[in-house]
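Subject: the structure you asked about

Hi,

Here is the structure I promised to pass on. Have a look at it first, and then read on for what turned up.

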Amino acid sequence: MVDMSRLCTVRIGTSTRAGRIDGDDIVILDAADVGDVLRAGGEVAETGEAIPRETARLAPVVTAPDKVVCVGVNYLDHIEEMGRDRPSAPTYFAKFANSLIGATDDLVLPPIEVSTHIDWEVELAIVIGSPVRHASPREALAAVAGYTVMNDGSVRDFQRRTTQFLAGKMFEGLSPLGPVLVDADELGDGSGLEIRSEVDGVVKQQSSTSELCFNVVEIVQDLSAITTLMPGDVIATGTPGGVGAARTPPEWLTDGAVLRCSIEGIGATENRCVLP
């Protein structure tokens, strides 16, 4: 079984390959992405090839998840800034695989005639490692392969067009996922980690994953009552306070801005915003 403590997915030519972090190198695995490694239960071979981390072209950690589920209004400070009541149950919405980009890819904004209200939302993302349904707390945590960083790219005017806000959350190419998957053996239940976002070096969000209203175990338990969670599924757990929409005046991502989203113990995504 391959060492699964820190995994990534890299682009090699026109395809992708899973990789194992080994110091300053990435050891290439015989799997298309980290999702394939998880679906194989870690039983994949090394190809004998390694590439330097500094020159690697990172793809989304999981390139084609069966499900991308996101939890809304799930940090106490974000609930307060948005003027919302503390929820009694998690709020869920979905993204699709084409929402995801690599940790250093360009973040391609919608054309300005479509929207200029593009917001940042740094999130701790759970990646499921084994099938789980109707989980107990112990089974819920055991099903977590590990964690990575996601920006839940949000197009706020589309989000607010109706009471159903999926349209503002599913835009193509606005959600970096990476840079690596760090296993749950190292990060446990994902609590107590500093989480932050910066735009052009200015801190916009800074909090702790201990501020989650519904924690990792509770989210996995609840979702597993609704649907079978499968290896490679991605669950974004919500964002802390400091989003652009809650500022006075509101702030949005613009052409040329650099968005950095980081979580302690995992690393950071860093993406330059560009217009198509």
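Two strands count as paired here if DSSP finds at least two bridges between them. Keep in mind that this is a predicted model. With that cut-off, strand 1 (residues 6–12) and strand 13 (residues 175–183) make a pair, since two bridges join them in the antiparallel sense. In that pairing, Arg6 sits opposite Val182 of strand 13.

Strand 1 also has strand 2 (residues 15–22) as an antiparallel partner, with six bridges between them. Ile12 faces Ser15 of strand 2 across that pairing. Strands 1 and 2 make a hairpin with two residues between them, and Gly13 in the turn has a positive phi of about 65°.

Strand 14 (residues 194–199) and strand 15 (residues 202–208) run antiparallel and are joined by six bridges. Val199 is opposite Val202 in strand 15. Two residues separate the strands of this hairpin, and Asp200 in its turn has a positive phi of about 50°.

Now for the packing. As a rule, nonpolar side chains in soluble globular proteins tend to be buried together. In this model the largest nonpolar core has 58 residues, and the members that touch the most others are Tyr147, Val220, Ile235 and Ile266. Helix 6 (residues 216–226) supplies the largest share of this core, five residues. A second, separate core has 23 residues, among them Leu29, Val44, Val61 and Val127.

Last, the aromatics. How many aromatic pairs does the structure hold? There are two. In one of them, the ring centres of Phe93 and Phe165 are 5.4 Å apart and the planes are at 75°, so the pair is edge-to-face. This pair links distant parts of the chain, 72 residues apart: Phe93 is in strand 6 (residues 91–95), and Phe165 is in the loop between helix 4 (156–159) and strand 13. Is Phe93 buried or exposed? Phe93 is buried, because its relative accessible area of 9% falls under the 20% cut-off. Phe165, at 25%, is partly exposed.

Phe158 and Phe171 also form an edge-to-face pair, with 5.1 Å from centre to centre and 80° between the planes. Phe158 lies in helix 4 and Phe171 in the loop between helix 4 and strand 13, so this pair ties together parts that are 13 residues apart in sequence. Both Phe158 and Phe171 are buried.

Cheers

Definitions and conventions
Residues numbered from 1 in each chain as written. Predicted model: local features only at pLDDT ≥ 70, side-chain atom pairs only at ≥ 80, totals over all residues. Heavy atoms only, no water. Helix = DSSP H or I, 4+ residues; strand = E, 2+ residues; numbered from the N terminus. Core = buried A, V, L, I, M, F, W, Y, C linked by side-chain atoms within 4.5 Å. Buried < 20%, exposed > 50% of the residue type's maximum accessible area, 1.4 Å probe, protein only. Phe/Tyr/Trp six-rings, centres within 6.5 Å; stacked < 30°, edge-to-face > 60°.
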